[in-house]
Amino acid sequence: MLIDTHCHLSFNAFDDDWKNAVKRAQKKDVQMVCVGAARATSEKSVTIAEESDGVFASIGMHPTHVLDEEFDVAWFSKQARNPKVVAIGETGVDHYHLDEARKGEILAKQDVLLKQHLQIAKENNLPVILHTRDGKTESTGEAYNHLIRVLKEFGYYKGVVHCFGGDWETAQQLLDLGLMISFTGIVTFKNASESLREVVKNVPADRFMVETDAPYLAPEPFRGKQNEPSYVEHVARGIALIRGEDYDTLASQTTKNARTFFNLS
Ligand SMILES: [Zn+2]
């Protein structure tokens, strides 16, 4: 059994096919956390979770939506109490998809948005799912530094940095704060960077999880296709290969990590 800790069945790419995607995952003994990125996709994530066995929801607003809609704290706080909601997010910092001319203003708004999520997570004792992406002209790791600064200002570290793409030094900083990291199908790509492989090799067995980030980032041998939770096995196999570990041991360890982290029963 595996747990895809980050997929977006609530996105338009799946439309009504999310039911079939869930069935294909169930056939492979894969459970999942369906992650919202704005109010509508969070609402749909909760619906999908309520209607499906082995599917849980995370609700939040992605930093790239910071100018698109007002973050409705009351609505998200109320939804956070739904027993199928196991995390808050995804949220975080994104230096990539923004109007460079308004960068300072937008990043300041992302800080506020992130802290609002941390507050809801803290109040409900839920973990938070964190996104980071460096700007086009920035040196590597600026978004991670930004994330770490905001987390330290607020002081809540029950979280996972999803789709981790930083170096080992950055990973260690996050782990030292108490955060988890998770890996996507990028670990299966032939051109995966040496620094990512180093992180995969070095991260302690109880500090990482696997995810698809479906519909994006399909792992090999499905690279380029629409991703889905049933493919998460290939992410786990890619990690086992890099770490030189037995697949079954790794699969049960990462499942245990996810169960503990999201408090799944
Ligand atoms: Zn995502």
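Modeller: A residue is called buried if 20 or more other C-beta atoms lie within 10 Å of its own, exposed if 12 or fewer do, and partly exposed in between, with the C-beta atoms placed from the backbone. The model above is predicted, so local features are taken only at pLDDT of at least 70 and side-chain atom pairs only at pLDDT 80 or more, while totals for chains, interfaces and linings use all residues. Residues are numbered from 1 along each chain as its sequence is written.

Colleague: How many helices and strands does the protein have?
Modeller: Both kinds of element are DSSP runs numbered from the N terminus, helices being H or I over at least four residues and strands being E over at least two. Counted in this way, the protein has nine helices and eight strands.

Colleague: What is the radius of gyration of the protein?
Modeller: The radius is taken over C-alpha atoms, and the globule rule set beside it is 2.2 Å times the number of residues to the power 0.38. For 265 residues that rule gives 18 Å, and the protein comes close to it, so it is as compact as a globular protein of that length. The radius of gyration of the protein is 17 Å.

Colleague: Which residues have the most contacts inside the largest nonpolar core?
Modeller: A nonpolar core is a set of buried Ala, Val, Leu, Ile, Met, Phe, Trp, Tyr and Cys residues joined through C-beta atoms within 7 Å. The largest one here has 75 residues. Those with the most contacts inside it are Cys34, Val160 and Ile181.

Colleague: Which residue is the bridge partner of Cys7 in β2?
Modeller: Two strands are said to pair if DSSP finds at least two bridges between them. Strand β1 (residues 2–7) pairs with β2 in the parallel sense over four bridges. Within β2, the bridge partner of Cys7 is Cys34.

Colleague: Which handedness does the β-α-β crossover from β2 through α2 to β3 have?
Modeller: A crossover is right-handed if, with the strands pointing away from the viewer, the path from the first strand over the helix to the second runs clockwise. Four bridges join β2 to β3, and the two strands run parallel. The crossover that leads from β2 through α2 to β3 is right-handed.

Colleague: What do the buried residues of α1 pack against?
Modeller: In helix α1 (residues 18–27) the buried residues are Trp18, Ala21, Val22 and Ala25. They cover an arc of only 100 degrees around the axis, which puts them on the same side of α1, where the arc is that of the directions from the helix axis to the C-beta atoms. On the other side, Asn20, Lys23 and Lys27 are exposed. The buried residues of α1 pack against β2 (30–35), α2 (39–51) and β3 (55–59).

Colleague: Which residue in β7 does Val160 stand opposite?
Modeller: Strand β6 (residues 159–161) and β7 pair in the parallel sense over two bridges. In β7, Met180 and Ser182 are buried on one side, and Ile181 and Phe183 on the other. Val160 stands opposite Met180.

Colleague: Which residue in β8 is the bridge partner of Ile181?
Modeller: Three bridges join β7 to strand β8 (residues 208–210), and the pairing is parallel. In β8, the bridge partner of Ile181 is Phe208.

Colleague: What is the omega of the cis peptide bond from Ala214 to Pro215?
Modeller: Most residues other than glycine have a negative phi, and most peptide bonds are trans. Pro215 lies in the loop between β8 and α8. The bond from Ala214 to Pro215 is cis, with omega near 15 degrees.

Colleague: What positive phi does Leu217 have, although it is not a glycine?
Modeller: Leu217 also has its place in the loop between β8 and α8. With 18 other C-beta atoms within 10 Å, Leu217 is partly exposed. Its phi is positive, at about 55 degrees.

Note on methods
Contact = placed C-beta atoms within 7 Å.
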